Amino acid sequence: MLTYVIRRLIGAIAMLIVVSMVTFGIFFVVPQLAGATPEGFASRYVGRAATEENVQQVAERLGFYDPVIVQYGRFVKGIVAGTEYDYGTGVEQCPVPCLGYSFLTQQPVWPDLLDRFPVTFSLAIGAAVIWVIAGVTTGVISALRRGSFFDRLAMGTALAGVSMPIFFTGMVSLVIFSYALGWTAPGGSYTDFAENPIQWAYNLLLPWITLAFLFAATYARLTRAGMLETMGEDYIRTARAKGLRERDVVVKHGLRAALTPIVTIFGLDFGLLIGGAVLTESTFSLPGLGKYAIDAIANNDLPKVMGVTLLTACFVVTANLIVDLLYAVVDPRVRLS
């Protein structure tokens, strides 16, 4: 088991290195291949009234004329050891981990990400609990009652949930439950959990349900398909022949064998949500990482976009690492392979 964990940890670290290379390439190398110049990069960090000479000086101070490998080394150094940005009128400090420095707001990106992270994490964790419980439970019942009215109704609802985009269901939910009935918060507000847990849950209840509806539909269909396959296996008939209770047969033998794809997709979904639920946060005006990224794109604030991208990638890699470790718990055969 220890060898399995170490092997997965090494793989996760290697993947993070690859992710940093790809991210750096997307934001710095690809634009150069498309015709961008060092002066074009530097123009983002100077005022509109700057002369061509000022732009060239800033480009030189920020190292945009250096070889790509040198720029990447400086980029990695900033993440692990911090860095300084000398853009002519002063030297700006970017502490560890430096995921970028916004010269539009004159602030490092990392503190902004920390401020926005609780909102996105609260949204993701609440929705994840709802969609896993609702999706898996619905999928199991549908598989056990295949062809029944409940099965047809649940799978029809699941198909609708997968088909409808979050910005549509979010707006419809706001109109009905917030503005018409007044049952839920109208969005745009967030209360810290430590400050008022009840208000925290009230403000996020409708975003949780709306986001969970989209994912629960997928999980219900996956669970149903997995259960239909496993419940027809020989070892299920053997377990029943031994006199085991039906609940034990379904949960310990059928559901456990069908959980592998569920665990896989959950790791990916949760990792992406932690990186920023863009559409949900935009629809409900929640000040999380997703809305932060949208605002940065609108303002052409490249370091902020890059910071959210790196953070999202880190959470996806971490979630996949946890999924790999959970495989060994769900299916002991994995750690022997």
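Predicted model: local features only at pLDDT ≥ 70, side-chain atom pairs only at ≥ 80, totals over all residues.

1. Between domain 1 and domain 2 the count of salt bridges is 0, where a salt bridge is a side-chain nitrogen of Lys or Arg within 4 Å of a carboxyl oxygen of Asp or Glu.

2. Residues are numbered from 1 along each chain as its sequence is written, and side-chain values use heavy atoms, with hydrogens and water left out.

3. The protein is divided into domain 1 (1-98) and domain 2 (110-334), with bounds that come from an automatic or database domain assignment. The C-alpha centres of domain 1 and domain 2 lie 34 Å apart. Their contact, meaning heavy atoms within 4.5 Å, takes 19 residues from domain 1 and 17 residues from domain 2.

4. Domain 1 and domain 2 bury about 1600 Å² between them, and 83% of that area is on carbon and sulfur atoms; buried area is the accessible area (1.4 Å probe) that two parts lose on being put together, summed over both. In domain 1, the residues that lose the most area to domain 2 are Tyr 4, Phe 27 and Arg 44, which together make up 34% of what that side buries.

5. Which helices each supply at least two residues of the side of domain 1 that touches domain 2? They are helix H1 (2-33) and helix H4 (68-81), helices being DSSP runs (H or I, at least four residues) numbered from the N terminus. H1 gives the most to that side, with 13 residues. The residues of the side of domain 1 that touches domain 2 divide into 15 nonpolar, 2 polar and 2 charged.

6. Val 29 is found in helix H1 and is partly exposed, with a relative accessible area of 24%; buried means under 20% relative accessible area, exposed over 50%, and partly exposed in between (1.4 Å probe, protein chains only). Leaving aside residues up to four places away in sequence, Val 29 touches Phe 24 and Val 68.

7. By the salt-bridge rule the count comes to 6 salt bridges. One of them joins the side chains of Arg 224 and Asp 151 at 2.8 Å, N to O. Arg 224 lies in helix H8 (residues 197-230) and Asp 151 in helix H6 (residues 149-163), so the pair ties together parts that are 73 residues apart in sequence. Arg 224 counts as buried at 18% relative accessibility, and Asp 151 is buried as well, at 4%.

8. Arg 74 and Asp 66 also meet in a salt bridge through their side chains (2.5 Å, N to O); Arg 74 counts as partly exposed at 31% relative accessibility, and Asp 66 is partly exposed at 30%. A further salt bridge links the side chains of Asp 295 and Lys 291 (3.4 Å, N to O). Both residues of the Asp 295 and Lys 291 pair lie in helix H12 (residues 289-298), 4 residues apart, about one turn of the helix.

How values were computed. Nonpolar A, V, L, I, M, F, W, Y, C, P; charged D, E, K, R; others polar.
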